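Work through the following exercises with the sequence and the structure side by side, and try each task before you read its solution.

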Amino acid sequence: MSLASDFVSHHNYFVTILLMVSGLYIVIASGNMIKKLVGLSLFQTSVYLLYLTPAKIVGGTAPVLDDKFAVYSNPLPHALILTAIVVGIATISLGLAIVTRIYEVYGTIEEDEIFSSDGEI
Amino acid sequence: MEAYILMALLALLAAITIAIVFQRSLFAVVILAGIYSFLMATVMIVLDAVDVAMTEASVGAGISTVVFLATLHLTRAREYPRPRSVMLPLFVSSVVAAVLVWGTFELPRFGAAETPIHQHIAPHYLKEAKRETGVPNVVTAVLADYRSFDTLGETTVIFTGGIGILVLLRGRRRKRGEDKDAVDPGVRDA
C-alpha cells in the first residue's frame, strides 16, 4: 500500500526522468542532426517539468493574487522556467541555422557521412 | 483528483516520447515534438503554471515547430537507418536513469505545502508583491521586477542568438546572389 502511494506521489519525477533519458538517448544514438536537436529540446523540456513539479501545492491555485484564494503555488520556479523556455528556442534556432549551413557545405545532415567525407579530404 | 489527471497526461507524454525515439521520418518527428510541447503546456496548467503554459504553447508548440519545419524544407526529411551500435547509448541512458531514480527517493511527496521550497522566499513574494510592485500576477512581478536582471540576461542571450543566426544565414544569401551574377552575363550574351 505504501509502495503504491509512494509511486503515485513520485510519479511525476519518474516520467520526468523517462523524458530526460529519452532525450539523452536520441542525442547520443541518432546520427541525424535535426533529430539530435529534437532530442536536445526533449531534454530541455523535461527540466521544465523537474522545476515545476515541486512548485505545486495540492489544493492551491495559480499565483495570481485574489481575495478569494489563500493558497498559491510557488511563483519563483515559474519565472525561472519562463526564462528557460525563451532561451531554449534561441539556442535551438541557432543550432538549426548551423545545420542548414552544414547541409549546404556537405550536402548531408547525417553525422557519419560528414565524418567520412572529412576523412576523404 | 489532480494527481490522477496528471498521471494520465504524463502517460500520454511518455508514449509520445517513445514514438519520437523510434520514428524515422523527420517530418513525423517534428510534428510529434509539437504535440509533445502542447501536452507539456496542458501538464503545466494542471501544475498551476499558467504563464509558463502560455509561453510553452506559443513558443514550444508554435514557433519551434515552424523553425524545425523550415529547416526540414531546406535540408532532407528522412533519417537514414543507423549503422552504429545502440548498446553504448542504451547503457549510458540506463545508468543515468538509475542514478536519477535513486535520487528521487529522498524528495518530498508531490503537492506537499511544508517543503523547503515553499518556506524560502516564495512567501515573501506572495505576501508583498502586490504592495511592492502593484502587480497582482506574482510571476510577472518576479520576472519583471524582483529578478529583472535575469530577464535582461535572457534578452542578451536572445540577441546574441539572433545575431548568430543572421551571420550564419547571410552567407547563404550572398552565395545565391553570386550565383545570380554568374548567370546574368550568360543571359546578356544570349
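**Exercise 1.** Find which residues touch the most other members of the largest nonpolar core.

*Solution.* A nonpolar core is a set of buried Ala, Val, Leu, Ile, Met, Phe, Trp, Tyr and Cys residues joined through side-chain atoms within 4.5 Å, where buried means under 20% relative accessible area, exposed over 50% and partly exposed in between (1.4 Å probe, protein chains only). The largest such core has 61 residues, and those touching the most other members are Leu13(B), Ile20(B), Val43(B), Met44(B), Val52(B) and Phe68(B). Its largest share, twelve residues, is supplied by α2(B), with helices (H or I, at least four residues) taken as DSSP runs numbered from the N terminus.

This is a predicted model, in which local features need pLDDT of at least 70 and side-chain atom pairs pLDDT 80 or more, while totals for chains, interfaces and linings use all residues. Residues are numbered from 1 along each chain as its sequence is written, chains are lettered from A and ligands numbered from 1 in the order written, and side-chain values use heavy atoms, without hydrogens and water.

**Exercise 2.** Decide whether Tyr125(B) and Tyr146(B) are buried or partly exposed.

*Solution.* Tyr125(B) has a relative accessible area of 5%, so Tyr125(B) is buried; Tyr146(B), at 26%, is partly exposed.

Notes: Helices (H or I, at least four residues) and strands (E, at least two) are DSSP runs, numbered from the N terminus.
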